[in-house]
Amino acid sequence: MAETEQITVATTSAGPGGTGEPGETVNLPVVELLTGRGFITGKSGSGKSNTASVIAEKLLDNGFGLLIVDIDGEYYGLKEEYEILHVGGDEECDIQVTEDHAGKIASLALEQNVPIILDISSFLDEEEAETLLTEVAKQLFAKAKKQKQPFLMLVEECHEWMPEKGSMGEVGKMLIKIGKRGRKHGLGIVGISQRPADVKKDYITQCDWLVWHRLTWNNDTKVVGRILDNKYADAVEDLDDGEAFMMNDWAEQVRRVQFHRKQTFDAGATPGLDDFERPELKSVSDDLVSELETISEEQQETENRIKELREELDKKNSRIAELEAELQDARDLSRMAEQFTEAMVEQAEDYNPGRTEQENMRRKRERFADQSPSDGDADAEDEADADGPRDESPEPDETADATSGGGFGDAFSAFAADDAAMNGGSASGGADATGSSADAKSVSAASNTDAEPASNGHADNAAVATNGDSPDSSAAGVPVNGRAETDIAEADDDALRAAIAEAVEAEQSAEVTGATDDEMPSDVDGPAVYADLRADIEELDRKTCRMLAYYREQGPGTPLNAHFSAGGSGDRTAAYARNRELRLRGLVEHVGRGKYDARLAALVREESDRGLDDDEVESVISRLESAFLDGDSE
């Protein structure tokens, strides 16, 4: 390309502001056009788009590359004469493109010198169109730095991308960058707008050549006055269609010119009443389209894959939501089950067989104590008569048992001094060393009108007569040796019942513990607690007792360790089964982290009818330890 090569685009015209003779040809240097910065403006219908098309046609005639950013879809008419690639966003274009095609578009334009119309008007989504234009501009600038080949970029309605007021987007910033720095890389730009007042002045003041078609709006004419001169500001309003004031740096003058009419189909002309006939347009080579189609196919495959992945993701998210809901339901059920289990365990722990049996025995003693001798117990006496002769005396061994080991000799001896002598003897002879006393038998018979068996396992009749004397059911006392006994009714009934109940409790405590009367503490509550707890412990098998011993000696531990220490095999089921038995009896408690500890001290205090001090509690526990520390419990 010769440095002096020029293209003819207009002729000079007569009128205000013109210089030279009318009809002279106006030429533009190709290099200045391709690499410089230009600005074409004028109101709608004044001929600005025609001027841009004439310049494009002249460059295409000489085989120079360019890219037209078409915002109104009015440049596809160039395809009537030139093989130009028309890309955009609808089916009217040779191929539909996206931002993914930006690199290939720039490569075709600069590297293969393919003229391109980038039809922005075919995009319904403005943001998508702006993104595409931004990427194409970036790719052109980047490739021009390496290619160093003159190339022109024409941008229609540039005020939308490079506004004077308001914020500027990425497109405007990139176009300003090309205008300022593109020249040194061979990349030129021409901005086209019908509103010069709205175009960024930073761009206009950097331009090498400017074309001013007819302008009538006051703000626009003021721009002409500031840049050219006020005389041009007045004259610009009277310019004819296609006529303009042209100023350029290489001529250093302002000329009034008339631009040539474009040769190709004017797609931007205002439609008239005549029928519109679309011209036959040239098609580009299949090779060019195929390269872009490959990108489109890859992009479509990518989009399809993305769609599939999104669908899979949606399904998985839905499944995750379902599983989370099921998990929450399971947690709720688990929480309910735990609460139910805790309630059942608490209820089971509140149940103590030994304590329950002790309460039953106490209720029996209370009923027994409440039943005092009465004249109305004839049925019981008749029943006793039916069972056998009333004058039949018990054997000596039975008498001894009734008054010592299993009877109420101790309690009755307390009343012997106050009542009349029994068996014809004095008060002091009311009971012998063995506790064999007819008086005791008489009181027992008078009190136990229901003929319940004594605690030592021997049954006494409802009333006992000795020496062949028959009982008098109407008498207040029982005749013994022909002499009436002092009337028991004279004694205080309440005191009698209390003494009987106390004696029963003391006797049964002695039976359970094996202690003698001399060994029993003065406080009856301690032995009663001891007896109940020892009975519970003695019901345990040997390994369970040894597990209790482990907790007592070692402190908090796991059921597996306690079971292993007790001689177990380490079987988890067996360990927790025995541990559960200890827990249900209240002998151990969970202390956290799967460990349990003995709670004998707390249990002794709970079972006691009154508050015990620490020494008393420790005394009971020390005595209880023999039940599980010796390892003999089965």
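Is N113 buried, partly exposed or exposed? In this predicted model, N113 counts as partly exposed, because its relative accessibility is 29%, and the buried class ends under 20% while the exposed class begins over 50%.

**Two residues with positive phi**

N113 is found in the loop that joins α3 to β7 (116-119). Its phi is positive, although the residue is not a glycine. R593 also has a positive phi without being a glycine, and its place is the loop between β15 (588-592) and β16 (595-598). Most residues other than glycine have a negative phi. R593 is exposed. The table sets out the values.

| Residue | Phi | Relative accessibility |
|---|---|---|
| N113 | near 55 degrees | 29% |
| R593 | about 60 degrees | 85% |

**Helix α3**

N113 follows α3, a helix that spans residues 102-111. Seven of the 10 residues of α3 are buried, so the helix is largely enclosed by the rest of the structure. The buried residues are A102, I105, A106, S107, L108, A109 and L110.

**Helices α4 and α5**

Helix α4 covers residues 126-147 and helix α5 covers residues 170-181. Their axes come within 9 Å and cross at roughly 25 degrees. Angles under 35 degrees count as roughly parallel, and α4 is therefore roughly parallel to α5. The crossing of the two helices is left-handed. On the α4 side, the contact is made by E130, L133, T134, A137, K138 and F141. On the α5 side, E170, V171, M174, K177, I178 and R181 take part. Sorted by class, the contact of α4 with α5 holds six nonpolar, one polar and five charged residues.

**Nonpolar cores**

The largest nonpolar core has 63 residues. Within this core, L67, L140, M153 and W212 touch the most other members. Helix α4 gives the most to the core, with eight residues. Another core, of 33 residues, lies apart from the largest one, and its members include V30, L60, Y75 and V257.

Which residues does W212 touch, not counting those up to four places away in sequence? With that exclusion, W212 touches F39, T41, P196, V223, V224, I227, L228, V236, L239, E243, A244 and F245.

Notes
Residues numbered from 1 in each chain as written. Predicted model: local features only at pLDDT ≥ 70, side-chain atom pairs only at ≥ 80, totals over all residues. Heavy atoms only, no water. Axes fitted to C-alpha atoms, helices over the stretch in contact; angles between N-to-C directions. Helix = DSSP H or I, 4+ residues; strand = E, 2+ residues; numbered from the N terminus. Parallel < 35°, antiparallel > 145°, perpendicular 65-115°, else oblique. Left-handed = near helix turned anticlockwise from the far one by under 90°. Contact = heavy atoms within 4.5 Å. Nonpolar A, V, L, I, M, F, W, Y, C, P; charged D, E, K, R; others polar. Buried < 20%, exposed > 50% of the residue type's maximum accessible area, 1.4 Å probe, protein only. Core = buried A, V, L, I, M, F, W, Y, C linked by side-chain atoms within 4.5 Å.
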